[in-house]
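Me: I have a chain open on my screen and want to learn how to read it. Can you take me through it feature by feature?

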Amino acid sequence: KFSKSKIEMIISDQSLSDRTLTNLITYLIIGVAHNGVSRIGVENQEVLIIGAGAIGLLATAVSKAQNIY
């Protein structure tokens, strides 16, 4: 589990490549989207996701992957 201080430490590490930082941020955003969808318990229900930002789009993808419509 990442804490805010660990994330700040990783991002401030000058030895990391731009690709590594991009991948890290992507995984964190996917984690936020997955956590949001799974915690609210929307199985077998219709879902309305408002917003087409990174988290909204990935929450849509997570919902589809889990057969939530």
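**Reading the chain**

Reply: Start with secondary structure. The protein chain has three helices and zero strands. Helices (H or I, at least four residues) and strands (E, at least two) are DSSP runs, numbered from the N terminus. This is a predicted model: local features need pLDDT of at least 70, side-chain atom pairs count only at pLDDT 80 or more, and totals for chains, interfaces and linings use all residues. Residues are numbered from 1 along each chain as its sequence is written, and side-chain values use heavy atoms, with hydrogens and water left out.

Me: In what order do the elements of the protein chain run from the N terminus on?

Reply: The order is α-α-α.

Me: Why does the protein chain count as more spread out than a compact globule?

Reply: Compare the radius of gyration, taken over C-alpha atoms, with the globule rule, which is 2.2 Å times the number of residues to the power 0.38. The rule gives 11 Å for 69 residues, and the protein chain has 14 Å, well over that, so it is more spread out than a compact globule. The box tells you about its dimensions. Along the principal axes, the C-alpha atoms fill roughly 45 × 20 × 20 Å.

Me: How many of the 69 residues count as buried?

Reply: First the scale. Buried means under 20% relative accessible area, exposed over 50%, and partly exposed in between (1.4 Å probe, protein chains only). Here 14% of the 69 residues are buried.

Me: Which residues make up the largest nonpolar core?

Reply: The general idea comes first. In soluble globular proteins, nonpolar side chains tend to be buried together. A nonpolar core is a set of buried Ala, Val, Leu, Ile, Met, Phe, Trp, Tyr and Cys residues joined through side-chain atoms within 4.5 Å. In this model the largest one has six residues: Ala 33, Val 37, Val 42, Ala 59, Val 62 and Ile 68. Helix H2 (18–39) and helix H3 (54–65) each supply at least two residues of this core.

Me: What is Val 62 in contact with, beyond its neighbours within four places in sequence?

Reply: Contact means heavy atoms within 4.5 Å. With those neighbours set aside, Val 62 meets His 34 and Val 37. Now take Ser 63, which also lies in helix H3. Ser 63 counts as buried because its relative accessibility is 4%. Not counting residues up to four places away in sequence, Ser 63 touches Val 37, Ile 49 and Ile 68.

Me: How should I read contacts over the whole chain?

Reply: Look at separation in sequence. Among contacts between residues at least 6 apart, 46% join residues at least 24 apart.

Me: Is Lys 4 buried or exposed?

Reply: Lys 4 sits in helix H1 (residues 4–12). Its relative accessibility is 65%, so Lys 4 counts as exposed. Lys 4 and Ala 59 are 55 residues apart in sequence and 22 Å apart in space, C-alpha to C-alpha.

Me: Where is the place of Gln 45?

Reply: Gln 45 is in the loop between H2 and H3. At 45% relative accessibility, Gln 45 counts as partly exposed. Gln 45 and Asn 67 are 22 residues apart in sequence, with 9.7 Å between their C-alpha atoms. Thr 22 and Gln 45 are 23 residues apart along the chain, and their C-alpha atoms are separated by 33 Å. Thr 22 belongs to helix H2. Thr 22 is partly exposed, at 47% relative accessibility.
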